[in-house]
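Reader: I have a new structure to look at. Can you walk me through it?
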Number of protein chains: 2
Amino acid sequence: MVLRSKNLVRYVFQNQHKLIQQLLVQSQVRLCSGHGGIQQKAQLRLDEEDSFPKITEVSPIAAPFPMTIEHAADVGEQFKYSDLSVRLAAPHQLNPKPDVDDLAFGKYFTDHMLRVSYHRRLGGWQKPEITPMENLNLHPAAKVFHYAIELFEGMKAYRGYDGKIRFFRPDMNMARMNVTAYRSGLPTFESEELIKAMGRLVMIDSEWVPHTESASLYIRPTLIGIEPTLGVASSDSALLYTILSPVGPYFKPGASGLKLYAEPKYTRAWPGGVGDRKVGSNYGPTIHVQREALRNGCHQVLWLYGDDHQLTEVGVMNIFMLYMKENRERELLTPPLDGLILPGITRDSIIRLCHQWGEFSIKEQKFTMPMVKKLAKEGRLLEMFGTGTAAVISPIERIAYMGEDIYVPTETHDNPLFRRLYNTLTDIQYGKMDHPWAYVID
Amino acid sequence: MVLRSKNLVRYVFQNQHKLIQQLLVQSQVRLCSGHGGIQQKAQLRLDEEDSFPKITEVSPIAAPFPMTIEHAADVGEQFKYSDLSVRLAAPHQLNPKPDVDDLAFGKYFTDHMLRVSYHRRLGGWQKPEITPMENLNLHPAAKVFHYAIELFEGMKAYRGYDGKIRFFRPDMNMARMNVTAYRSGLPTFESEELIKAMGRLVMIDSEWVPHTESASLYIRPTLIGIEPTLGVASSDSALLYTILSPVGPYFKPGASGLKLYAEPKYTRAWPGGVGDRKVGSNYGPTIHVQREALRNGCHQVLWLYGDDHQLTEVGVMNIFMLYMKENRERELLTPPLDGLILPGITRDSIIRLCHQWGEFSIKEQKFTMPMVKKLAKEGRLLEMFGTGTAAVISPIERIAYMGEDIYVPTETHDNPLFRRLYNTLTDIQYGKMDHPWAYVID
């Protein structure tokens with residue numbers, strides 16, 4: 001069927017998220033990834049969790065970064081959601097939607113993107129626009145290609161069991177993005193305006209938000225310096241854009257826990273650097289080490305720091321360790337925000353949840369490989385896991401360290417903490433639990 | 001006059017470097033930057049330098065990196081200069097040439113560029129091509145925009161007093177670029193093939209090589225990862241390209257020596273990182289600090305490392321210090337290649353020249369701010385200067401450090417070392433002195 005009416009096409013695009021329930025009943029639409037298992041699974045999950053307390057409030061603990069940005073005096077005009085223009089893809093520009101099983105991380109992209117240009121000489125931020133997904137056309141001297149003047153965020157849109165689509169704490173991503181922009185000599189912006197514009201983008205491509213709880217729509221806001229001059233200096237022109245990619249689980253389901261490669265000769269970040277900002281420069285240099293980890297039969301790198309081999313991050317995730325103190329009480333540790341690690345939003349959420357549960361102490365505190373070894377040897381090491389938006393929570397099973405293979409019994413317990421946290425976070429994200437961290441888009 | 005014959009246009013393009021002398025005599029061509037002062041200046045220089053010994057041989061000291069690259073087994077096909085295709089810009093695509101006084105660093109670009117694509121799935125490196133200078137067209141998910149999978153080199157083409165155009169030690173740049181590519185998970189290539197292709201590019205745009213000794217044609221080979229997937233992993237597609245920009249002196253002539261901002265809270269690089277590789281990630285994070293330096297009335301950042309405040313680099317240059325030992329003998333120090341600093345080609349050249357002169361000892365050895373302070377106080381600090389391809393040699397005059405203002409008398413001596421080194425290097429580069437480091441293009 002070829003739709004000939006422009007207005008009808010536009011109507012369908014803009015309202016597809018409202019039409020979806022009806023179309024589903026009629027089974028006329030090929031959805032992006034499987035649908036139907038959600039309610040069944042939801043029921044199962046609720047049964048499993050009955051013994052856990054439910055979370056309804058957030059208790060502030062420590063703000064990882066300022067939530068309101070002070071713009072530099074010379075940043076110029078801000079962009080506004082109300083100025084957003086939309087140019088929809090023509091039917092022939094639409095991309096085929098992938099199978100749910102084929103959803104490798106960040107491999108497929110939706111039909112539209114959001115972009116906002118910044119030119120200091122034109123007065124600052126220009127009007128935001130949603131366009132069909134298309135290539136960027138940049139001068140080969142653009143600073144992003146030479147000096148890594150680039151930063152990004154990782155967010156997700158989740159299709160809830162109620163059909164509503166949600167972001168998770170988007171204000172946190174925007175605050176972190178602004179702090180990172182400032183550190184990178186790039187222009188800052190009003191968080192709320194970008195959240196609204198991204199909400200609109202997701203609704204236009206809402207058919208790409210997977211109809212399953214095992215997948216979601218990954219959102220990649222990106223800010224790059226595009227001034228075409230080779231001086232090592234801040235960029236007077238920038239491009240803020242957002243692309244969307246339906247993603248399955250970052251690590252394959254059913255896979256065993258992570259095996260980590262802890263090689264003290266490599267360092268991810270250091271005091272006085274940018275390890276606590278989400279810039280491209282924190283990622284490029286890790287790829288060589290990640291390849292070495294794979295060659296050594298490990299999944300991810302465990303990044304150590306200092307002569308005492310402090311644990312800092314795992315792959316591109318924050319790290320947590322649950323252990324038993326000498327008095328047999330449990331305690332959860334995660335490294336502090338001392339500039340060496342990324343202030344993760346999943347990390348922050350976990351700290352707040354555990355504080356609220358109040359069942360064990362949780363500390364932002366350095367811990368080292370000798371300490372991990374000792375705890376493992378004494379049977380007091382309970383769980384270790386990585387946390388992040390892409391991977392949510394990933395249990396750790398082994399650490400290859402200085403010729404040893406340290407076993408971590410993360411997945412051997414009844415009701416392990418990592419699973420309880422995973423379930424709580426996904427319950428909030430998929431709308432099974434009413435929570436202020438969930439941001440419903442409409 | 002409009003040239004209507006395609007063949008004539010092509011002939012002029014390909015042979016403009018041979019036509020130039022003739023056209024100069026007829027004064028019919030507007031040259032990129034002034035011409036005419038070279039021979040006069042050359043004479044003056046020779047007079048000044050009579051007291052210095054002349055260098056004719058290179059004595060190897062310490063190789064900063066392996067000069068031959070071992071390609072990874074899976075890199076695939078290599079590209080060859082003999083496969084180079086050339087698509088010349090049409091007359092209407094030619095850019096106007098800037099005035100010599102307006103040659104800010106990396107602001108203007110020539111009419112053509114060189115590009116070589118790499119696609120693992122297509123078997124490796126594709127055929128190199130010279131095309132008109134044009135924008136890159138890249139997917140917004142290309143890894144270069146997100147994870148700083150990017151690296152570059154800085155080289156120059158110099159128009160000698162004899163009209164010949166020269167590179168300076170291009171094999172060193174290519175070896176460093178390959179070492180950096182390997183560290184970045186990007187494909188390596190045959191150095192000699194790229195040197196030849198860049199030589200051809202420079203000859204096609206040879207009219208852009210300034211006709212003066214105070215300027216040159218900056219060459220920017222760049223390698224970026226362009227695979228459009230968001231996983232933090234090495235890129236199976238890459239683009240190697242080279243753009244050219246006529247440049248004046250990096251620092252304005254006649255300006256006073258550099259004033260440096262030495263703030264121990266910032267660190268450029270650290271052991272286990274990539275401070276010794278020419279990746280974009282070493283530059284982006286410095287821009288914020290450079291802005292802070294400017295706000296504090298300084299020109300450049302003096303990068304310190306460690307609790308003892310070792311000097312590592314200055315801005316984007318290597319650093320040297322000439323001082324008087326307690327026995328009143330002079331000694332030149334520069335930090336060692338311990339992973340914290342870039343293995344500069346100007347740095348290496350200076351070490352070799354001074355070794356050959358044999359007039360004072362030269363050591364690759366750590367030195368600290370307390371040591372600099374002490375030497376300054378005792379009147380034993382003679383000269384400090386930064387070195388690099390863009391800036392050649394830049395004398396340092398002051399260091400703002402921990403609330404103090406340390407004065408360095410670099411420019412107050414008769415026949416200072418920094419000027420003698422500058423003259424020797426530029427004599428080699430501009431062909432006034434026959435030397436194996438000069439690579440004549442034809």
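Reader: How many salt bridges does the structure hold over all chains?
Author: The structure holds 48 salt bridges over all chains. A salt bridge here is a side-chain nitrogen of Lys or Arg within 4 Å of a carboxyl oxygen of Asp or Glu. This is a predicted model: local features need pLDDT of at least 70, side-chain atom pairs count only at pLDDT 80 or more, and totals for chains, interfaces and linings use all residues. Side-chain values use heavy atoms, with hydrogens and water left out, residues are numbered from 1 along each chain as its sequence is written, and chains are lettered from A and ligands numbered from 1 in the order in which they are written.

Reader: Which residue forms a salt bridge with Asp276(A)?
Author: Arg277(A) does, with the closest N and O atoms 3.6 Å apart.

Reader: Are those two buried or exposed?
Author: Both Arg277(A) and Asp276(A) are buried. Buried means under 20% relative accessible area, exposed over 50%, and partly exposed in between (1.4 Å probe, protein chains only).

Reader: Which residues are linked in a network with Lys325(A)?
Author: Salt bridges link Lys325(A), Glu329(A), Glu331(A) and Lys363(A) in a network. Within it, the side chains of Lys325(A) and Glu331(A) meet at 3.6 Å, N to O. Glu331(A) is buried, because its relative accessible area is 2%.

Reader: Now chain B. What does Glu364(B) form a salt bridge with?
Author: Its partner is Arg347(B), and the closest N and O atoms are 2.6 Å apart. The pair links distant parts of the chain, 17 residues apart. Glu364(B) sits in strand β16 (residues 361-364) and Arg347(B) in helix α7 (residues 345-357) of chain B. Helices (H or I, at least four residues) and strands (E, at least two) are DSSP runs, numbered from the N terminus.

Reader: Why does Glu364(B) count as partly exposed?
Author: Because its relative accessible area is 32%. Arg347(B) has 2%, so Arg347(B) is buried.

Reader: What about Asp205(B), where is it found?
Author: In the loop between α5 (191-204) and β9 (216-225) of chain B. Asp205(B) is buried yet has no salt bridge. The nearest side chain of opposite charge, Lys97(B), is 7.4 Å away. For charge, Lys and Arg count as positive and Asp and Glu as negative, while His and the chain ends are not counted.

Reader: Which side chain does it make a polar contact with?
Author: The side chain of Asp205(B) makes a polar contact with that of His112(B), at 2.9 Å. A polar contact is a pair of N or O atoms within 3.5 Å; within protein, one must be able to donate a hydrogen and the other to accept it, and residues adjacent in sequence count only if both atoms are side-chain atoms.

Reader: Switching topic. What rotation superposes chain A on chain B?
Author: A rotation of 180°, with 0.0 Å of shift along its axis and an RMSD of 0.0 Å. The two copies are thus related as by a two-fold rotation axis.

Reader: How many residues does the contact take from each chain?
Author: The contact takes 61 residues from chain A and 61 residues from chain B. Contact means heavy atoms within 4.5 Å.

Reader: How many salt bridges and polar pairs are between them?
Author: Zero salt bridges. There are 29 residue pairs in polar contact, both at pLDDT 80 or more.

Terms used: Least-squares fit on C-alpha atoms with pLDDT ≥ 70 in both.
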